[in-house]
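Here are my notes on this model, point by point. Please read them with the coordinates open.

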Amino acid sequence: MITGYKVNGHAEVTEGEEYAMICNSVSVLTQTPVIGLERHLKRKPDCRVNEEKGVLKVALTDAPNDLSQTLFMSMVYGLNDLVQKYPQYICIREHRG
């Protein structure tokens, strides 16, 4: 089960329309699970942001369940779609620990 994720640097492109679209898409996709956890599930994940470095770290503070997994997997599906369209700019690394 997914218990957290980290986004680092968003996209490897630094300017232009593609940059804005990719960066915004990644930001929305990765921040939406936090909103769902907090507002709908009334859970408080550990969420840390370093805007200067483009880093977002999110970790559950309690046990994962089917509802948290639905939120996380929706994010993963959206990110995978971006990777298929823009593989030169985005990669996903899975870490099991």
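1. **Length of H1.** The 25 residues of H1 should span 36 Å at 1.5 Å a residue, and its end C-alpha atoms are 35 Å apart, so the two agree. The expected span is 1.5 Å times one less than the number of residues. Helices here are DSSP runs of H or I with at least four residues, strands are runs of E with at least two, and numbering starts from the N terminus.

2. **Basis of the values.** This is a predicted model, in which local features need pLDDT of at least 70 and side-chain atom pairs count only at pLDDT 80 or more, while totals for chains, interfaces and linings use all residues. Residues are numbered from 1 along each chain as its sequence is written, and side-chain values use heavy atoms, with hydrogens and water left out.

3. **Overall layout.** The protein chain has two helices and three strands. Along the sequence they follow the pattern β-α-β-β-α. The radius of gyration is 13 Å, close to the 13 Å that the globule rule gives for 97 residues, so the chain is as compact as a globular protein of that length. That radius is taken over C-alpha atoms, and the rule is 2.2 Å times the number of residues to the power 0.38. The C-alpha atoms fill a box of roughly 40 × 25 × 25 Å along the principal axes.

4. Buried residues make up 33% of the 97 residues. Buried means under 20% relative accessible area, exposed means over 50%, and partly exposed lies in between, with a 1.4 Å probe and protein chains only. Of the contacts with a separation of 6 or more, 63% come from residues 24 or more positions apart. Contact means heavy atoms within 4.5 Å.

5. Which residues of H1 are buried? They are Ile 22, Cys 23, Val 26, Ser 27, Thr 30, Pro 33, Val 34, Gly 36 and Leu 37. Their cover includes E1, E2, E3 and H2.

6. **Thr 30.** This residue is found in H1, which runs over residues 16–40. Thr 30 is buried, with a relative accessible area of 2%. Its side chain reaches the backbone oxygen of Ser 27 at 3.3 Å. Leaving aside residues up to four places away in sequence, Thr 30 touches Tyr 5, Val 7, Leu 56, Met 75 and Leu 79.

7. **Nonpolar core.** The largest nonpolar core has 17 residues, of which Tyr 5, Ile 22, Val 26 and Ile 90 touch the most other members. E1 (4–8), H1, E3 and H2 (66–85) each supply at least two residues of this core. Such a core is a set of buried Ala, Val, Leu, Ile, Met, Phe, Trp, Tyr and Cys residues joined through side-chain atoms within 4.5 Å. In soluble globular proteins, nonpolar side chains tend to be buried together.

8. E2 (residues 46–50) and E3 (residues 55–59) pair in the antiparallel sense over five bridges. Pairing requires at least two DSSP bridges between the strands. Asp 46 has Ala 59 in E3 as its bridge partner. Four residues separate the strands of this hairpin, and Gly 54 in the turn has a positive phi of about 70°.

9. **Lys 42.** Is this residue buried or exposed? Lys 42 is exposed, with a relative accessible area of 68%. It lies in the loop between H1 and E2. Lys 42 is not a glycine, yet has a positive phi of about 60°.

10. **Arg 43.** Arg 43 is also found in the loop between H1 and E2. At 10% relative accessibility, Arg 43 counts as buried. Its side chain makes polar contacts with the side chains of Asp 62 (2.5 Å) and Asn 65 (3.3 Å). A polar contact is a pair of N or O atoms within 3.5 Å; within protein, one must be able to donate a hydrogen and the other to accept it, and residues adjacent in sequence count only if both atoms are side-chain atoms.

11. **H2.** Asn 65 also caps the N-terminal end of H2, with a side-chain oxygen 3.0 Å from the backbone nitrogen of Leu 67. H2 has 20 residues and reaches 29 Å from its first C-alpha to its last, close to the expected 28 Å. The buried residues of H2 include Phe 72, Met 75 and Leu 79. The buried residues of this helix pack against E1 and H1.

12. **Asp 66.** In H2, Asp 66 is exposed, with a relative accessible area of 59%. Asp 66 and Met 1 are 65 residues apart in sequence and 8.9 Å apart in space, C-alpha to C-alpha.
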